[in-house]
Amino acid sequence: MGRLKVMPGALEKIAECKLPRELNFGKIIAPAYIECDYKDGKWGELKLVPYAPLHLGPEAKVFHYGQEIFEGLKAYYTDRQGPFLFRPDQNATRFNLSAQRLGMPEFPIADFLESVTAMAHYCKEIIPTKSGESLYLRPCMIATEESLGIKPGLTYKYFVIASPSGPYFTGDSIKVYIERERARACPGGIGAAKTGGNYAASLVSGKRAQELGCGQTLWLDAVNKRYIEEMSGMNFMCVIEGIIYTPAMTDTILDGITRKSIIQLAQDFGMHVVEDKMDINKLLEQVAQGKCTEAFACGTAAIITPIRGFVEGNGKELAFKSADSKIAMKLRQELLDRQEGRKTAPANWRVLINAN
Ligand code: COI
């Protein structure tokens, strides 16, 4: 490996770790993680260390001004093939776009790639091996400077934790709550950055969604409250008369790596994909008329999860006429086949980790 240092105890802790039968998503955290500190304008050592709580002053900027960014990607070891990472270069690039937007230092792409590769390498024996399961990797950067001035921090911590996980949703499909009042992001804001503030903005609506029996909130644009943007932790797609539609990218939507991979896969299969503005009211009419036959959530954690219906804040529900989600399920299988190593993937999509 490049510049990573393995600190005493880290490998022993990983070797002692036993996975329970039920994994869930993000509940079990690997007993070692990677960290790297930034000070005096440069990044220091990249280290694999035994898991321990972070030691930060309560005045650290991350706690007050939310100067924080993260990524999500998975290491796959299905039926002990691999381990593989899926398009980690895309996460590395997006991490630095988020860093720029939040006024944080960029993290060197080579170090990002080395850190996620090393987590997959050293944690190989705790990567779950059933299809749909994986080692979810969470690279993160926080402002650690202990000072209350509203300006970018002078010190930062980068770290990568790992969670042996099942899929984000345990059921076969979800209903989504259409949020018509609150907004997740606005033009010129931070909606396209992967930063905690966007997720914080979604939490109250997430509670309402749960009360309404929904697995996610569907966000509309902040200006017109009319055009679909994304869900709280994943992108949105639907199928209208055999064509896949997804909201066109704007600075209020996170540029999903699963989203762009599905677009490419679907096009490779000869399907037509349209990226455009999508009016929620028109879409609901098309669902009612039976023209829109499917909708689905797509993201690293969610993979592809069919949406079986839409719910308004007053509880009014509109369900799809048929729940077979044929296109979503076909795309899900094709995507997993490429991520988990069963089918040839486009160049640079699947990265084999040398785990010996
Ligand atoms: C991911 O899919 O990696 C995400 O970031 C969603 C997550 C917030 C659960």
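**View 1. Residues that line the largest cavity.** Gly72, Leu73, Lys74, Tyr76, Phe86, Asn91, Ile257, Thr258, Thr300 and Gln339 line the largest cavity of this predicted model, where a cavity is a set of points, on a 1 Å grid over the protein atoms alone, at which a 1.4 Å probe fits but cannot get out, and lining residues have an atom within 4 Å of a point. The largest cavity holds about 70 Å³ of space, a volume being the space filled by probe spheres set on the points. One cavity of 30 Å³ or more is found in a search of the whole structure.

**View 2. The shell around the ligand.** Surrounding the ligand are Phe25, Gly72, Tyr136, Arg138, Tyr168, Lys194, Tyr199, Gly233, Thr300 and Ala301, each with a heavy atom within 4 Å of it. Domain 1 (5–167) and domain 2 (174–339) both contribute residues to this shell, so the ligand lies between them; the domain bounds come from an automatic or database assignment.

View 3. Oxygen atoms of the ligand lie 2.6 Å from a polar side-chain atom of Tyr136, 2.5 Å from an N or O atom in the side chain of Lys194 and 3.3 Å from a polar backbone atom of Thr300, a polar contact being a pair of N or O atoms within 3.5 Å. Taken alone, the ligand exposes 280 Å², of which the protein buries 90%, with areas from the Shrake-Rupley method and a 1.4 Å probe.

**Notes.** Residues are numbered from 1 along each chain as its sequence is written, and side-chain values use heavy atoms, with hydrogens and water left out. Because the model is predicted, local features need pLDDT of at least 70 and side-chain atom pairs count only at pLDDT 80 or more, whereas totals for chains, interfaces and linings use all residues.

Conventions:
Polar contact = N/O pair within 3.5 Å; in protein donor to acceptor, adjacent residues only side chain to side chain. 1 Å grid on protein atoms, 1.4 Å probe; cavity = no way out; pocket = protein on both sides within 12 Å on 5 of 7 lines; lining within 4 Å.
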